[in-house]
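Please examine the structure below, and then follow the explanation of its charged side chains and some of its other features.

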Amino acid sequence: MAGSRGRGRSQFTFNVDALGFGRGDSLPTSAQTPSPLFPPMQFRPVPLQTGEEVDYMLALKQELRASSKNLPFHIKAARTKTDVARYSDKYQNGELKNNCIEWSPDWSRMPKELCIKVRKPRKTAIGAKPQLKQKPKVAAKKEEVLQKLETLEKREEEQHSEEEEDEEKKKQNDEEEGPDADEDYDEEEIEDVRKKNHYNLIDNILQSLWCRHLRISFFLRFFQTQKEMSYVKKNIFFCVPQSKESHMV
Amino acid sequence: MTAQEVRLCGLLLQEHFGNVVEKVGTHLIRSGVLTLRALAHETKLPLDLVKKSLCVLVQHGMCTFGAGRRGPAGPVEYRINCEHIFHMLRYPRYIYTAKSLYGDTGELIVEEILQRGQMTMSSTVKTVADRLTHNMPEGQSMDYTGSSSSGAVDTPLPVATQPTEPESNPDCYKLPYINLTGQGKRRRSSEGGEAEQRAAKKARTDNSECGDDGIYWQVNFQRFHLHFRDQAIISAVSCKLDQTSSEIVRTMLRMSEVTTPAHAAFTQALSANEIFRALQSSYNIARPNLDQYLSLLVDDPMEFVGKTGDSGGGMYVVNLHRALANLARATLESVVQERFGSRSARIFRLLLRKRHLEQKQVEDFAMIPAKEAKDMLYTLLSENLVQLQEIPKTPDYAPSRTFYLYTVNQLPTARLLLQHCYKTVCNLIERRLYETKENKRLLEKSQRIEAILASLQATGAEAAQLTEVEEMITVPERQQLESLRHHINKLDSSENQVDETIFLLESYINSTKTSR
């Protein structure tokens with residue numbers, strides 16, 4: 001190879017002009033800044049496909065996205081309470097807990113270490129247990145309202161709404177069937193579950209009563225279902241032990 | 001896993017399952033294989049949340065677990081299956097395909113199973129029946145005979161004593177897309193497997209009334225993918241040749257659907273007589289015409305159909321891998337054309353065909369003036385679509401004594417483009433999230449107003465009240481909402497379209513892997 005030093009030494013195998021600069025010229029100026037983040041496009045992109053298929057799949061995609069947020073597979077971390085403990089915390093349940101799983105997988109097909117005790121329907125019972133001691137105190141305060149509500153309920157039950165009974169029964173049935181793990185049903189716990197429905201209603205009313213003078217529309221916002229709303233509308237006088245005019249319209 | 005793939009997995013998990021699962025999932029992808037404790041420790045999440053996330057991932061088949069490095073006595077190790085997560089992009093396509101093939105019932109079945117990962121047949125049937133009757137007016141009874149699986153609503157399904165051979169279950173024969181991975185409890189325990197899977201005997205209350213306790217059904221993605229591949233081939237033939245040829249190819253593919261294994265390079269050989277018999281009479285193709293069409297297909301440079309013999313009037317196969325390679329090549333060419341212009345595309349096609357060319361030869365063959373050809377070549381080179389191959393004449397790579405050849409390799413370029421597609425989808429998703437976040441206030445307001453309107457209408461309010469509520473959204477806000485909706489729709493359908501390209505490129509790359 002040393003012998004060919006002289007011949008063909010300064011010849012390139014390709015046409016030198018193709019490089020864009022001649023021999024001995026200075027190299028083209030180097031770039032001072034990085035290339036732009038969004039360089040201007042030479043050609044506009046092709047328009048998207050259209051048609052029935054495309055529209056249908058688009059609608060499907062958006063629906064799937066929306067519905068997947070409501071499935072139990074969508075896991076949200078339980079919020080840690082950072083600020084002051086509030087009185088309403090006692091009445092607001094339904095906060096997410098980390099240690100309960102909202103759907104029941106087939107545990108036989110998963111590793112045992114992933115098993116989380118299903119506690120959700122029992123949460124009320126377990127939550128009620130420490131409150132058993134407080135119950136006499138709490139009950140004393142709410143007794144008046146409780147009694148009144150019970151009379152109303154009996155009246156309601158006589159009149160109509162098989163649906164409400166069915167609903168309650170369904171709730172109880174679901175709560176009974178839910179946990180496969182715990183099989184010891186106490187009579188007391190069933191009672192607690194039934195009382196829980198009472199308490200929910202009462203708690204809602206009591207919450208609303210903290211602000212005495214309320215527009216009826218705001219007052220009604222505390223009730224979620226139509227049934228509750230109509231129930232309250234019918235019996236609103238009796239829920240307020242003191243002044244009748246506090247349910248301002 | 002490449003960075004883009006990890007990013008895409010994270011975004012998809014976040015969209016469907018929330019932030020917690022996303023965190024767990026991405027960490028597991030990055031680390032490969034981990035045990036539960038290590039995962040909880042490294043992600044710094046509470047153990048319960050990690051457990052829940054893993055349950056969700058296992059339920060959907062995105063995470064697999066197995067005995068770890070220390071053998072069956074050691075802790076269980078978890079591994080993420082990334083392809084499964086990418087399939088989430090394609091859910092609308094699966095559902096739409098099911099709808100077009102099996103009607104509304106099929107669509108609902110696939111949708112339910114996709115959303116829940118895996119389900120028993122009884123629960124699927126119940127949910128689907130509920131949804132169907134929910135939409136139908138009262139007094140109309142459901143006709144279950146049309147759809148096979150829903151005929152099993154009241155009848156008890158076969159008990160899991162059989163090793164759950166799907167073929168023994170008469171229902172699944174008509175639904176070749178769903179199931180095929182029924183796993184009975186029996187089979188699991190007989191495998192002897194890992195200690196963690198000892199089935200704890202729990203009293204099942206209403207799940208087992210239909211007797212199909214351990215049989216779970218999943219969507220068979222592979223079968224869907226084969227169907228998509230066939231559809232792509234048929235539409236390519238109809239674009240390139242004509243409708244009749246595409247019908248012939250469709251018939252051939254349909255005939256070899258069940259006989260061809262998933263990764264085969266060609267279908268089973270079919271004789272022209274068989275094809276003629278199998279052709280639907282509505283097409284009215286005479287026998288000699290069929291022969292002509294077949295010879296046309298064989299001679300076509302795209303090589304969709306090949307002739308492998310002469311018995312029975314000629315034995316023909318569909319070249320699946322070659323068809324996929326051609327489709328991928330067409331995709332690459334189209335990408336270059338749309339981004340860099342038709343002349344660059346000409347250079348690209350030239351290089352694909354001629355393999356290695358010097359710069360001078362490129363200019364000559366492409367018939368493009370030297371300066372422009374040089375520019376285009378260098379642009380393509382900087383985008384990595386074209387590679388430079390140096391062939392030295394001397395052992396020292398002196399530039400004056402080296403040949404520089406330009407070349408395009410189809411497979412690496414396809415991989416590069418696939419990564420670009422992943423990045424594109426990531427960007428689309430992030431842009432959509434950004435747009436939604438920017439206008440969150442407006443969206444919430446409009447949702448609340450819709451809710452108020454709905455409740456007012458339910459209680460029978462007057463028109464004046466309704467208009468009053470509607471006016472709470474001002475006109476410019478309405479316009480803003482409109483444009484937001486338009487943007488989000490555009491971004492969503494772009495995602496769907498990019499996913500089609502992803503599917504093509506992925507199938508091509510997978511076909512090259514298995515043929516090795």
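In this predicted model, the side chains of E112(B) and R116(B) form a salt bridge, with N and O 3.2 Å apart. Both residues belong to helix α6 of chain B, which covers residues 91-116; they are 4 residues apart, about one turn of the helix. E112(B) is buried, because its relative accessibility of 3% falls under 20%. R116(B), at 25%, counts as partly exposed.

K360(B) is partly exposed, with a relative accessible area of 42%, and D364(B) is partly exposed at 47%. According to an unreviewed UniProt entry, residues 332-408 of chain B are listed as "domain: DNA-directed RNA polymerase III subunit RPC3 winged-helix". This span is 56% helix and 18% strand.

Another salt bridge links E495(B) to K61(A), at 2.9 Å from N to O. E495(B) lies in helix α21 of chain B and K61(A) in helix α1 (residues 52-68) of chain A, so the pair joins two chains. E495(B) is buried, with a relative accessible area of 1%, and K61(A) is buried at 8%. Over all chains, the count is 28 salt bridges.

Helix α21 of chain B, residues 475-515, also contains T514(B). T514(B) is partly exposed, at 39% relative accessible area. T514(B) touches H263(B) and H321(B), leaving aside residues up to four places away in sequence. Although T514(B) and H263(B) are 251 residues apart in sequence, their C-alpha atoms are 7.0 Å apart in space.

Terms used:
Residues are numbered from 1 along each chain as its sequence is written. Chains are lettered from A and ligands numbered from 1 in the order in which they are written. This is a predicted model: local features need pLDDT of at least 70, side-chain atom pairs count only at pLDDT 80 or more; totals for chains, interfaces and linings use all residues. Side-chain values use heavy atoms; hydrogens and water are left out. Buried means under 20% relative accessible area, exposed over 50%, partly exposed in between (1.4 Å probe, protein chains only). Contact means heavy atoms within 4.5 Å. UniProt positions are given in the numbering used here, feature names are shortened, and annotations may be inferred rather than shown by experiment. A salt bridge is a side-chain nitrogen of Lys or Arg within 4 Å of a carboxyl oxygen of Asp or Glu.
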